[in-house]
Amino acid sequence: MKLLVAFGITSLALPASHLLAQDWASFNEDTGNRIVASSSLVSNDTEEKDYAWGDLDGDGDTDLVIVRKQPFTTTGGRRNVLLMNEGGILVDRTVEYATASNDGGNGFLDETNDRDVVVGDVNGDGLLDVITLPALNQSLAKSMSHPRIYINLGSSRGMWQGLFYDEPRIPTMPTAPNGCGLAIGDVTGDGANDIYLTDYNSDVEDKLLINDGNGFFTDQTTTRMNASWASSGFGTAAEIIDVNGDGVNDIVKSENGPSKVTYNNPANEGFFLSQEEISNAAVYFMNTGDLNNDGMIDIILGTDGADLYLLNQGNGADGQANFVTSTFSFQSGGDDGFPGNVVLGDLNNDGMEDVLIADVDVDISGCGRRLNFYRNLGNVPNVTLQDQGTLGLGTSNLTGTHDVAVFDLDNDGWLDMVIGRCSGTQVWINQPPIGMAFSYPTGIPAVLEPGEETRIQVRLVVLGDGEVDPDSVTLKASTSGSKLSIPMEQIDTDLFEASLPAVECPERVEFHVAAGTLSGTNFTDPTNAPTIQYSCIAVLGNEVLFRDELEEDAAENGWTVQNDPKLTAGQWEQADPNVTITGGQVASPEDDATANDGVMAFITQQGLPGGSATAADVDGGPTTLYSPIIDFEGTDGTITYARWFFCSDQVNPIEADVLVVQVTSNGTDWVLVEEVDSTSSQWLNSTFTVSDYVTPTSTVQVRFICSDIGNNSVTEAGVDNFEVQQYICSATCPGDYNGDGEVSGEDLGALLGAWGTDNCDINISGSNGCIINGEDLGALLGSWGVCR
């Protein structure tokens, strides 16, 4: 298994449509008309919630199961809810259809503290059954501490009979699982769905439950896989799916640390052959799907830093899948930290899967982050997934999201959303476009080849009456030196083509498409262009130039602090934070922002453990934290950091303080990046592109300014996980030992000079350890010439 790092480089290939009149997709809230249920159970439900959906009663509509528990790591169960789709309205039918059982209880009405739920056929009758997984219930009886299987009873005389909790179907385990993630799929090849559950109590570990073909399960974990492969320090999610295309299903899982694939053995199906770590990021949740329509399974990872998606490149010689790892992009802002559930769905009906990542962590409290929608731009094979706005919901309706159910509620052919937030559940109905639909058969470029024009095609469809005026179709492009209006050539009835101008690395091109109808109605894509346009950059890739998790001596890495004479307390210092509380709110953090073994961060004066927030907060000021100087000469890039900010006067805008973040390219002229008034007592990430604020030079620097003006509030700040990524403008390739962008005689001489020696710097074939031999020579000759 090989891991490559993708640099956002995207070639242009398949469709990515943009629906003009309602942005790339648009939704209207219709909760009041679409849910018939007690508000305390659904629309105003403040509990943690997880969704599964499917056509349970076989009427052609998609129904919704909601499992509920007290939020975060809290014991004490809550009842579940069955919402049946009745003509596009979700009606609570829990009492009628989900209370039957053989354990003496009441099915969905039992307060089971469930954290995950899936639907799938377990007994081979073609009907969707429901499987639930509880958390934190190890001390309770089996029916409350183990997974439950609710058998779909099907219909009798045209009437659906509902769900039946059949307790014996799950085996009694020596220790009940502390469940977090469920997966269902056939791992043995007998046609019956098996179950894999992830556990975040490391003493119990994951469980592989094998179906006997009739929907009864036995725990065969240790007989079918190495015991260490089922180990999860904090297992959060899993999928059963064929990752490497060998015809047998594998297991993908995340565990608040590495994400791993456990490969099934096609020669002995159901017995697992190997396990590979596919990402060493701090992964909290994951999902799988085909993002670039190449028939191979890709993997989406929600991490405590920048979320990732891994594009499957096919198998290596070891039979395991190779992946290219990419980060999500943003038209503005950036990734704000810990993720929640990861969901896929084609929100704009362009044939490409989009990605939704919720924000509420299952363990650490906090509802201040938000759900992100990532549009799939369709620029295969290395597609770009980009946050392009809130789709009509507004940021306030996206904060504190546990889960999202994405399905066609009203059967109009467009996916709708049921969003489960800390404050309740909302229904958002997809609004089909009105006006003109812009689609891009070759995709929307995010990255350009330096020095070369890039062809772009647009397909235009008038929605309603009217015809496209072919003379009106124009590509509007802006570079650092000019603004261009380029007529697009009509190459088919509804298809037009033009070229984006050639620019050098690392220049940007911003563009939009303008078109009108013969009747004179004009449209642009994006809708509000030129205020907002598509943006692409000419680069060969990017690389991490510098990442400081502040675990080592920060001064040695170039961090400095400057305090104003008016500062009397609260200066920036590097420390393992001690939590402080004021007015029932967390003022300073208990931990740093780094996952796993990280402990250190910059905070505004270390308080005593359990001490008063007023004893060590910022008074007067400002206190200013300066980053190391960063060399961006001749290129560009991004800077990402985690920040914490608390001010007890936040509700009073006249007296409220802010954390000021600024950047400079010369050490003198500082430009505002952001003013942070609150991070809701949690670490949140922020990312910006250097050239959006200053000219990239060899002396770029960031500073963080905190003060308590008037000394009338509790004010605390923190900074951690400072990462710099720079764009690559010169290519290298295997055998380019001198880094001049081509493989030539000088490189050949270096290889021949090392012939027969053990030299890992020269070895490029990976064969025979690091011994230089004919395979290395062949690899070098295969790369001969200019690196591309």
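The structure is a predicted model, in which local features need pLDDT of at least 70, side-chain atom pairs count only at pLDDT 80 or more, and totals for chains, interfaces and linings use all residues. Residues are numbered from 1 along each chain as its sequence is written, and side-chain values use heavy atoms, with hydrogens and water left out. Helices (H or I, at least four residues) and strands (E, at least two) are DSSP runs, numbered from the N terminus.

**Domains**

- The chain is divided into domain 1 (49-167), domain 2 (171-298), domain 3 (435-539), domain 4 (543-728) and domain 5 (742-786); such bounds come from an automatic or database domain assignment.
- Between the C-alpha centres of domain 4 and domain 5 there is a distance of 46 Å.

- Four strands form an open sheet in the order 17-18-19-20, and their pairing is antiparallel; two strands pair if DSSP finds at least two bridges between them.
- Strand 17 (179-185) and strand 20 (217-219) stand at the edges with a single partner strand each, so one side of each has no neighbour in the sheet.
- From one strand to the next, the twist averages 25°; axes are lines fitted to C-alpha atoms, for helices over the stretch in contact, and angles run from 0 to 180 degrees between N-to-C directions.
- Strand 19 (residues 207-211) runs antiparallel to strand 20 and is joined to it by three bridges.
- Opposite Leu209 stands Asp219 in strand 20.

- Strand 54 (residues 659-664) and strand 57 (residues 701-708) run antiparallel and are joined by five bridges.
- Thr664 has Gln701 as its bridge partner in strand 57.

**Strand 51 and its partners**

- Strand 51 (residues 601-604) is covered on both faces: Ala601 and Ile603 on one side, and Phe602 and Thr604 on the other, are all buried. Buried means under 20% relative accessible area, exposed means over 50%, and partly exposed lies in between (1.4 Å probe, protein chains only).
- Strand 48 (residues 572-575) is joined to strand 51 by four bridges, and the two run antiparallel.
- In this pairing, Ala575 stands opposite Ala601 of strand 51.
- Strand 51 also pairs with strand 58 (residues 715-728), in the antiparallel sense and over two bridges.
- The bridge partner of Ile603 in strand 58 is Gly718.

**The packing of helix 5 and helix 6**

- Helix 5 (residues 745-753) packs against helix 6 (residues 774-782) at an angle of about 175°, and their axes are 11 Å apart.
- The two helices are therefore roughly antiparallel to each other. Angles under 35 degrees count as roughly parallel, over 145 as roughly antiparallel, 65 to 115 as roughly perpendicular and the rest as oblique.
- Asp747, Leu748 and Leu751 of helix 5 make the contact with Asp776, Leu777 and Leu780 of helix 6, where contact means heavy atoms within 4.5 Å.
- By class, this contact of helix 5 with helix 6 has four nonpolar, no polar and two charged residues. Ala, Val, Leu, Ile, Met, Phe, Trp, Tyr, Cys and Pro count as nonpolar, Asp, Glu, Lys and Arg as charged, and the others, Gly among them, as polar.

**Cis peptide bonds**

- The peptide bond from Asp525 to Pro526 is cis, with omega near 0°. Pro526 is found in the loop between strand 44 (522-525) and strand 45 (534-538).
- A cis peptide bond also leads from Gly621 to Pro622, with omega near 15°. Pro622 lies in strand 52 (residues 620-626).

**Loop residues**

- Asn349 has a phi near 55°, a positive value in a residue other than glycine. It is placed in the loop between strand 29 (342-345) and strand 30 (354-357) and is partly exposed, with a relative accessible area of 39%.
- Asn411 is not a glycine, yet its phi is positive at about 55°. This residue is in the loop between strand 33 (401-407) and strand 34 (416-421), and its relative accessibility of 46% makes it partly exposed.
- Ser680 is found in the loop between strand 55 (670-676) and strand 56 (684-689), and counts as partly exposed at 42% relative accessibility.
- Ser680 and Ile299 are 381 residues apart in sequence and 30 Å apart in space, C-alpha to C-alpha.
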